[in-house]
Amino acid sequence: MNLKKVLTYVAVAFVIFYLFTQPANAAGAVRNLFGGISTGAERLSAFFTSLFSG
């Protein structure tokens with residue numbers, strides 16, 4: 001088994017363990033992740049709007 005596959009399995013196992021042991025914290029982490037992605041997309045959109053409008 002190569003290292004990449006082992007690390008992937010370990011990461012998936014950790015996520016599953018975290019979801020079952022601390023579901024509220026896991027939900028908060030996912031909410032923060034999507035909030036950050038949303039904020040980044042809004043800022044990128046504002047940048048291109050500003051760039052092309054004047």
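Ring pairs join Phe 47, Phe 48 and Phe 52 into a cluster; rings of Phe, Tyr and Trp (its six-membered ring) are taken to pair if their centres lie within 6.5 Å. The model is a predicted one, in which local features need pLDDT of at least 70, side-chain atom pairs count only at pLDDT 80 or more, and totals for chains, interfaces and linings use all residues. Residues are numbered from 1 along each chain as its sequence is written, and side-chain values use heavy atoms, with hydrogens and water left out.

The secondary structure consists of two helices and zero strands, where helices (H or I, at least four residues) and strands (E, at least two) are DSSP runs numbered from the N terminus. The radius of gyration of the protein is 18 Å, whereas a compact globule of 54 residues would come near 10 Å; this radius is taken over C-alpha atoms, and the globule rule is 2.2 Å times the number of residues to the power 0.38. Along the principal axes, the C-alpha atoms fill a box of roughly 55 × 30 × 5 Å. Of the 54 residues, 4% count as buried, a class that means under 20% relative accessible area, with exposed over 50% and partly exposed in between (1.4 Å probe, protein chains only).

Asn 2, in the segment before helix 1 (3-21), lies 45 Å from Thr 49 in space and 47 residues from Thr 49 in sequence. Asn 2 is partly exposed because its relative accessible area is 48%.

Tyr 18 is placed in helix 1. Once neighbours within four places in sequence are set aside, Tyr 18 is in contact (heavy atoms within 4.5 Å) with Pro 23, Asn 25 and Ala 26. With a relative accessible area of 29%, Tyr 18 is partly exposed.

Back to the aromatic rings. A search of the whole structure finds three aromatic pairs. One of them is formed by Phe 47 and Phe 48, an edge-to-face pair with 5.1 Å centre to centre and 70° between the planes; planes over 60 degrees apart count as edge-to-face, under 30 as stacked and the rest as tilted. Phe 48 also forms a stacked pair with Phe 52, at 6.2 Å centre to centre and 15° between the planes. Phe 48 and Phe 52 are four residues apart in helix 2, so about one helical turn separates them. Phe 52 is found in helix 2 (residues 23-53) and counts as exposed because its relative accessibility is 68%. Phe 47, at 46%, counts as partly exposed, and Phe 48 is partly exposed with a relative accessible area of 39%.

Leu 44, Phe 47, Phe 48, Leu 51 and Phe 52 make a nonpolar surface patch of about 560 Å². Patches are made of residues with over 30% relative accessible area and no salt bridge, like charges being joined within 9 Å and nonpolar side chains (Val, Leu, Ile, Met, Phe, Trp, Tyr) within 5 Å; a salt bridge is a side-chain nitrogen of Lys or Arg within 4 Å of a carboxyl oxygen of Asp or Glu. Leu 51, a member of this patch, is partly exposed, with a relative accessible area of 48%.

Key. Accessible areas come from the Shrake-Rupley method with a 1.4 Å probe; for residues, only the protein chains shown count as cover.
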